[in-house]
Amino acid sequence: MTEDLRAAEAEAVAGSHAANDPDYPLIHVAPPVGRLNDPNGLLIDDGVAHVFFQYTPMHPSRRLVYWGHASSHDLLHWRHHAPAIVPDSFYDASGAYSGNALVLEDDERQQAPHAARYQLFYTGNLKDADDQRTASQCLVTSPDLVSFTKWPGNPLIPTHAAGYTAHFRDPQVTRDPDRPGRFRMLLGAQRQDLTGAAVVYHSSDLLTWHLEGELSFPDARGVLDRLGYMWECPGVVRLTEETTGQDRDVLIWCPQGADRQQADGYENVFPCVYAVGRLEGTALTQCDGTLRQVDHGFEFYAPQAFSRAPSQPGQALLSGWAGNAGQDDQPSVTEGGWVHALTFPRALSLRHGRLIQRPVLPEPEEQAQVRESLAQAGGEAVTVLEGHRSWHLVVEAEQDAGALCLRIGSQASHVSIELDLSQRLLRVDRSSSRYTAHGATRTVTLDGDLPPRLEVLHDRSVTEVFVGDGDLAFTMRSFVDPAASGARLSTCGVQVKAVSASVFD
């Protein structure tokens with residue numbers, strides 16, 4: 001008898017007590033039960049955001065990956081739905097792995113014989129009795145994001161290309177902006193010599209895919225030719241460079257095993273980086289090989305941009321996994337039966353070749369009393385957002401001197417964030433929190449002339465920090481004392497110009 005995996009997931013959700021856990025976030029997507037990792041199939045259509053994600057509802061007793069599904073009208077309040085993809089076919093019996101979504105226009109639906117508005121592409125994972133892997137690229141279609149149908153001709157790409165291993169996954173399908181009527185699939189891969197790469201396929205109907213070649217970097221002096229041992233979750237987003245008005249392609253990916261010097265000194269188990277150029281066929285031209293981190297925090301991986309239909313343009317948004325490999329042993333597993341979350345959606349822009357990221361939140365309400373309290377205290381710490389554990393705070397200073405310090409939680413269990421304007425450093429310390437397994441302290445050097453501005457989005461056990469106009473992002477899990485609330489803000493040699501805040505609890 002075939003196991004009913006949908007029923008097993010529904011039973012796990014029915015028995016979940018995750019939402020009662022005081023660490024469970026209010027405005028970040030977290031699993032209704034079990035484990036979450038990579039964001040998948042992110043899209044916005046008719047004003048509604050849909051987020052799919054790698055989802056293991058029976059974690060930790062059983063590692064079988066579904067595609068979870070949540071939606072929101074305002075990016076603040078998320079509603080969970082039944083899984084969109086269940087690993088119940090011969091080609092994905094070991095898990096429905098990462099991929100992305102495409103929202104089709106009416107004329108594109110006529111071009112494609114399956115004619116559904118929503119196309120979800122993913123990697124089917126199959127392991128045999130000897131643990132040998134077969135990775136295939138598969139398709140699920142939906143007319144309404146309520147019902148989902150696996151394409152009867154799956155898998156579209158049944159195995160890895162010649163010259164590569166079975167580590168061949170994470171499709172990102174987009175329209176080719178330079179070749180009308182054609183679609184492009186970017187896949188992460190591992191060469192037979194155990195080095196990382198990405199490959200490019202193309203199609204005119206989204207069903208028949210032809211290998212175009214390996215992604216190359218002709219202007220990068222060879223520095224990206226043998227980077228790490230596997231490239232995961234590659235994706236390209238086209239942005240307009242603010243300083244020149246030119247369109248540029250930002251390649252974002254996760255080169256596993258990359259040397260720390262190559263990947264901008266990345267300190268996590270796996271890096272997540274980006275490079276800027278112009279994608280022409282299989283070549284990312286005008287890219288000099290410079291790599292920068294997408295996020296400098298303890299927990300960040302596998303980000304993905306939201307898809308939109310061309311008739312509904314909007315700002316480019318991105319969300320990532322607020323986690324990393326080997327980080328499942330967190331307090332929420334024992335306390336609430338869940339682990340991990342996604343970052344809050346971030347608006348993307350490009351300035352001087354650098355990725356700018358800002359959380360897409362309502363403008364904070366002015367908190368004049370906080371600024372007045374700081375002035376009266378003469379730079380000593382004052383309590384802000386007292387009684388709240390989910391909030392957004394922005395502090396702007398008058399000059400690039402002195403330091404801004406924020407302590408989240410209690411004296412006994414807290415996370416501290418220090419923006420040292422004089423030394424051009426961001427220091428983060430969570431050594432007294434309830435989770436330090438993958439890093440307790442970190443110092444990041446600020447590059448360039450950044451505005452003296454600190455923005456913090458804190459949501460119970462998830463904290464995202466943005467410095468300047470969003471020039472630097474830092475994501476971490478912040479398991480502080482759940483009984484403590486609010487934060488303490490202090491200044492040292494800094495004249496505060498503006499403080500504003502919003503609360504969500």
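Domain bounds in this report come from an automatic or database domain assignment. For the protein chain, that assignment gives domain 1 (3-357) and domain 2 (364-501). The structure is a predicted model, in which local features need pLDDT of at least 70 and side-chain atom pairs count only at pLDDT 80 or more, while totals for chains, interfaces and linings use all residues. Residues are numbered from 1 along each chain as its sequence is written, and side-chain values use heavy atoms, with hydrogens and water left out.

## The two domains and their interface

The C-alpha centres of domain 1 and domain 2 are 31 Å apart. Domain 1 brings 35 residues to the contact and domain 2 brings 32 residues, where contact means heavy atoms within 4.5 Å. Buried area is the accessible area (1.4 Å probe) that two parts lose on being put together, summed over both. By that definition the two domains bury about 2900 Å² between them, and 51% of it is on carbon and sulfur atoms. Asp23, His296 and Phe298 supply 25% of the area that domain 1 buries against domain 2, more than any other three residues.

Polar contacts also cross the interface. The term covers a pair of N or O atoms within 3.5 Å; within protein, one must be able to donate a hydrogen and the other to accept it, and residues adjacent in sequence count only if both atoms are side-chain atoms. Between domain 1 and domain 2 there are 23 residue pairs in polar contact, both residues at pLDDT 80 or more.

Helices (H or I, at least four residues) and strands (E, at least two) are DSSP runs, numbered from the N terminus. On the side of domain 1 that touches domain 2, the elements giving two or more residues are helix H3 (331-336), strand E21 (346-351) and strand E22 (354-359). E22 gives the largest share of that side, 4 residues. Sorted by class, the side of domain 1 that touches domain 2 has 15 nonpolar, 11 polar and 9 charged residues. In this sorting Ala, Val, Leu, Ile, Met, Phe, Trp, Tyr, Cys and Pro count as nonpolar, Asp, Glu, Lys and Arg as charged, and the others, Gly among them, as polar.

## Salt bridges

A salt bridge is a side-chain nitrogen of Lys or Arg within 4 Å of a carboxyl oxygen of Asp or Glu. The structure holds 30 salt bridges, and the count between domain 1 and domain 2 is 8. Arginine 351 and aspartate 469 form a salt bridge through their side chains, at 3.6 Å from N to O. Another joins arginine 389 to aspartate 23, at 3.9 Å from N to O. Arginine 389 lies in the loop between strand E24 (382-384) and strand E25 (390-397), and aspartate 23 in the loop between helix H1 (5-14) and strand E1 (34-45), so this pair ties together parts that are 366 residues apart in sequence.

## Strands and hairpins

Two strands pair if DSSP finds at least two bridges between them. An open sheet of 5 strands has the order E4-E3-E2-E1-E20, with mixed pairing. Strand E4 (79-85) and strand E20 (338-339) are at the edges with a single partner strand each, so one side of each is left without a neighbour in the sheet.

| Strand pair | Bridges | Bridged residues |
|---|---|---|
| E2 (48-56) and E3 (66-72) | 7 bridges | histidine 50 and serine 71 |
| E3 and E4 | 4 bridges | serine 71 and arginine 79 |
| E11 (196-203) and E12 (210-214) | 4 bridges | valine 199 and glutamate 214 |

E3 and E4 form a hairpin with 6 residues between them, and leucine 75 in the turn has a positive phi of about 70°. E11 and E12 form a hairpin with 6 residues between them, where leucine 206 in the turn has a positive phi of about 70°.

## Backbone details in loops

Histidine 59 and proline 60 are joined by a cis peptide bond with omega of about 5°; proline 60 lies in the loop between E2 and E3. A cis peptide bond also joins asparagine 154 and proline 155, with omega of about -5°. Proline 155 belongs to the loop between strand E8 (149-150) and strand E9 (164-175). Leucine 194, although not a glycine, has a positive phi of about 65°, and is found in the loop between strand E10 (183-191) and E11.
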